[in-house]
Amino acid sequence: MPAAPPIPVLTIDGPSGSGKGTISRLIATRLGWHLLDSGALYRAVGYAASLAGIDLSDAAAVTRCAGHTCIGFRDPGDGGETRVLVGGVDVSSEIRTETCGAAASAIAAIPGVRAALLDKQRAFRTAPGLVADGRDMGTVIFPDAATKVFLTASAAERARRRHKQLKDKGLTVTLDDLLREIEARDTRDAERAVAPLKPAPDAVMLDTTGVPIETVVARILALLPGR
Ligand code: C5P
């Protein structure tokens, strides 16, 4: 019997504020595919470790925390953003702060944490398909994905987008602080030894600076085989 064709995966990687989250959600909805927001997993571990009073530079303790923390996702059923649960508690708002983003970026550099989250991420690959959003989706988690995209945008535009997102969520942060934090986080993500932020050799690069979301979505959809 011929082998079943692999479940299709579209990977969308890029730095913070490049539009990955919004674009991945729109495409997953459009295709009726599952969505993996891998950043939420790292944020959830960073949040759980901070809550437990663990020193984030203690690699062994954070790795144990990543292994034990029960992370869940729940579709609100109204087309809204997926809710993120840690130990059954909805922490969707708490994990979106820049403090939690920085904690996520710190613990994401620990090899044991990345290893603990590997199978959890691959388990999202179920029929009819998966849109995977992150930093290493195309390079490490789904290297065999048929379609890989790497989104970029200028740092100023990414800071403006994050600023609007956080303001819409009722969080206050200045644009200057945000720009500094985004640049620090991207440098750490790109320079770490394990699974650094970088495009897969076979990824299509898309600069989203000044490009309307709908145009980016259309360009990515056109890359999928058979479209
Ligand atoms: O995408 P998001 O901003 O939610 O990710 C938070 C942090 O989690 C990133 O800055 C990065 O350090 C880490 N991350 C990662 N690998 C991924 C997704 C996120 O290292 N696949």
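A polar contact is a pair of N or O atoms within 3.5 Å; within protein, one atom must be able to donate a hydrogen and the other to accept it, and residues adjacent in sequence count only if both atoms are side-chain atoms. By this criterion, Lys20 places a polar side-chain atom 3.5 Å from an oxygen atom of the ligand. The model is predicted: local features need pLDDT of at least 70, side-chain atom pairs count only at pLDDT 80 or more, and totals for chains, interfaces and linings use all residues. Residues are numbered from 1 along each chain as its sequence is written, and side-chain values use heavy atoms, with hydrogens and water left out.

**Ligand surroundings**

- The ligand is surrounded by 17 residues, where a residue counts as near if one of its heavy atoms lies within 4 Å.
- The closest of them are Arg43, Arg114, Arg185, Asp189 and Arg192.
- The protein buries 96% of the 460 Å² that the ligand exposes when taken alone, with accessible areas from the Shrake-Rupley method and a 1.4 Å probe.
- By residue class, the shell holds nine charged residues, four polar and four nonpolar; Asp, Glu, Lys and Arg count as charged, Ala, Val, Leu, Ile, Met, Phe, Trp, Tyr, Cys and Pro as nonpolar, and the others, Gly among them, as polar.
- Helices H2 (38-51), H4 (98-107) and H8 (175-191) each supply at least two shell residues, and H2 gives the largest share, four residues.
- Helices (H or I, at least four residues) and strands (E, at least two) are DSSP runs, numbered from the N terminus.

**Helix H8**

- Buried residues (under 20% relative accessible area, 1.4 Å probe, protein chains only) of H8 are Leu178, Ile182, Arg185, Asp186 and Asp189.
- Seen down the axis of H8, these buried residues fall within an arc of 100°, so they line one face of the helix; the arc is that of the directions from the helix axis to the C-beta atoms.
- The face turned away from the buried side of H8 carries Asp176, Arg180 and Glu191, which are exposed (over 50%).

**Backbone features in loops**

- The peptide bond from Ala127 to Pro128 is cis, with omega near 10°.
- Pro128 is found in the loop between helix H5 (111-122) and strand S6 (130-134).
- Ala195, in the loop between H8 and strand S8 (204-207), has a positive phi near 40° although the residue is not glycine.
- Ala195 counts as buried, at 15% relative accessibility.
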